[in-house]
Amino acid sequence: MRTSAGRQADSGEELLRRMAARRRRDNAIVAVIAVLAVLGGGRTILGWFADEPAAKSPDTMSSAIIGHARLAESFAEEFVVTYLSATSGQQERLGEYVGAGQQISLPATSRQVSDPIVVFTSRNVSTDAFDVWSITVSVKVAKAGGGAATTGSREYYRVAVSVAADGRRRALAVPAAVEPPGRGIDLVLGYQNPCGAESPLAQVASGFLSAYLTASGDIARYTVPNSGIAALRPAPFTSVESTTVSSDEGGCGVGGSNARVLVTINPKTASGSAPTLAYPLTMIQNAGQWQVEYLDSMPELREPMTVVAAEQGSGGAPTSTATTAPSSAVSIPPATQN
């Protein structure tokens with residue numbers, strides 16, 4: 001019994017010693033925190049225990065940038081139309097768009113300005129407080145004495161717009177007239193082989209477009225299973241006539257198992273002929289039958305990428321020659337369908 005009582009006493013004393021040691025340690029930690037707080041480290045200490053703020057995801061940042069770009073574009077359209085149509089007695093209208101420090105002279109007669117279209121947007125400055133966007137707007141301006149603005153030609157104006165973080169917008173200066181975008185280059189397409197009307201590819205492609213555009217016949221006859229391609233409803237045309245069919249497949253469907261095809265058609269409506277249309281298609285041979293797999297979003301390009309250069313022939317008329325793009329040029333892959 002003594003031995004047992006002695007062990008119990010020893011255990012109680014050991015517990016008391018541990019509790020006292022823990023109390024001294026806790027008191028020391030509290031003293032250190034108090035000293036740091038007095039020295040201005042309280043915010044830092046709280047930061048040790050606070051959760052880190054969640055970082056913005058790339059999707060959230062992209063959505064914000066796109067939203068601010070739309071705000072800048074709509075503002076630029078409104079400003080350009082308002083500014084170009086304003087007269088000398090309407091200075092106050094411009095105060096909604098640009099600061100009063102601008103030296104502005106306005107004509108006595110208003111011009112008819114309509115149909116604004118944003119043709120180019122770039123973000124030139126980006127800070128936490130605001131972004132600055134450069135917006136080029138195309139507008140239709142009526143000719144002097146021409147009546148409605150629809151008789152006019154297009155002019156191009158560039159304006160710088162600041163967009164604050166909360167969406168407030170302001171022009172940095174009045175618009176500047178700029179030249180329109182220049183003519184681009186012509187790229188050589190990848191359909192080198194013309195296909196006759198009786199070739200397998202031409203027959204299937206022509207039948208497919210007739211069913212697709214006129215809702216006549218069963219479009220499923222011409223498409224792969226589960227293609228998701230359905231005839232247009234309501235049908236925009238009463239009939240179509242294929243004018244040219246070309247392919248990257250040399251046999252035009254005689255042999256081979258897949259092909260990229262470009263078909264041009266002359267459609268007709270109930271009231272008469274309509275402009276020529278072009279359809280790039282991806283086709284495969286399935287169980288011995290050619291079928292349309294995709295309506296491609298863009299025509300196939302020749303690989304390597306090739307541009308068409310216009311040269312003056314002996315008679316003064318331009319002739320086209322294909323030149324391969326230099327090795328430093330960006331290679332554009334052919335279109336694919338998801």
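Q: Contact means heavy atoms within 4.5 Å; by that rule, which residues is Ser-162 in contact with, leaving aside its neighbours within four places in sequence?
A: Ser-162 is in contact with Asp-131, Val-132, Arg-168, Arg-169, Arg-170 and Leu-172. A word on the ground rules: this is a predicted model, where local features need pLDDT of at least 70, side-chain atom pairs count only at pLDDT 80 or more, and totals for chains, interfaces and linings use all residues. Residues are numbered from 1 along each chain as its sequence is written, and side-chain values use heavy atoms, with hydrogens and water left out.

Q: What makes Ser-162 buried?
A: Its relative accessible area is 18%. Buried means under 20%, exposed over 50%, and partly exposed in between (1.4 Å probe, protein chains only), so Ser-162 counts as buried. Ser-162 lies in strand E3 (residues 153-164); strands (E, at least two residues) and helices (H or I, at least four) are DSSP runs, numbered from the N terminus.

Q: How do you know that Cys-195 and Cys-252 are joined by a disulfide?
A: The S to S distance is 2.1 Å. A disulfide is a pair of cysteine sulfur atoms within 2.5 Å, so the pair of Cys-195 and Cys-252 qualifies. The structure holds one disulfide.

Q: What does the pair of Cys-195 and Cys-252 tie together?
A: Cys-195 lies in the loop between strand E7 (193-194) and helix H4 (200-214), and Cys-252 in the loop between strand E8 (239-247) and strand E9 (258-269), so the link ties together parts that are 57 residues apart in sequence. Both cysteines are buried. With -85 degrees about the S-S bond, their link is left-handed.

Q: Why is the link of Asp-115 and Arg-154 called a salt bridge?
A: The closest N and O atoms of Asp-115 and Arg-154 are 2.3 Å apart. A salt bridge is a side-chain nitrogen of Lys or Arg within 4 Å of a carboxyl oxygen of Asp or Glu, so this pair meets the rule. Asp-115 lies in strand E1 and Arg-154 in strand E3, so the bridge ties together parts that are 39 residues apart in sequence. Asp-115 is partly exposed at 38% relative accessible area, and Arg-154 is partly exposed at 29%.

Q: How many salt bridges does this rule give, and which side chain meets Arg-168 in one?
A: The count comes to five. Arg-168 meets Asp-166, at 2.9 Å from N to O. Here both partners are on the exposed side of the scale: Arg-168 has a relative accessible area of 59%, and Asp-166 has 55%.

Q: Are Arg-260 and Asp-296, which form another salt bridge, buried or exposed?
A: Both Arg-260 and Asp-296 are buried. Their closest N and O atoms are 3.2 Å apart. Arg-260 is in strand E9 and Asp-296 in the loop between E12 and E13, 36 residues apart.

Q: Why is the pair of Tyr-212 and Tyr-279 called edge-to-face?
A: A search of the whole structure finds six aromatic pairs, and this one has its rings 6.4 Å centre to centre with 80 degrees between the planes. Rings of Phe, Tyr and Trp (its six-membered ring) pair if their centres lie within 6.5 Å; planes under 30 degrees apart count as stacked, over 60 as edge-to-face and the rest as tilted. Tyr-212 is in helix H4 and Tyr-279 in strand E11 (residues 277-286), 67 residues apart. Tyr-212 is buried at 13%, and Tyr-279 is buried at 15%.

Q: Which residues do ring pairs link into a cluster?
A: The cluster is made of Phe-75, Phe-79, Tyr-83 and Tyr-97.

Q: What makes the phi of Asn-226 worth a look?
A: Asn-226 has a positive phi of about 60 degrees although it is not a glycine. Most residues other than glycine have a negative phi, and most peptide bonds are trans. Asn-226 is found in the loop between H4 and E8 and is exposed at 82%. Ala-215, in the loop between H4 and E8 too, has a phi near 60 degrees and is partly exposed at 25%.

Technical notes:
Contact means heavy atoms within 4.5 Å.
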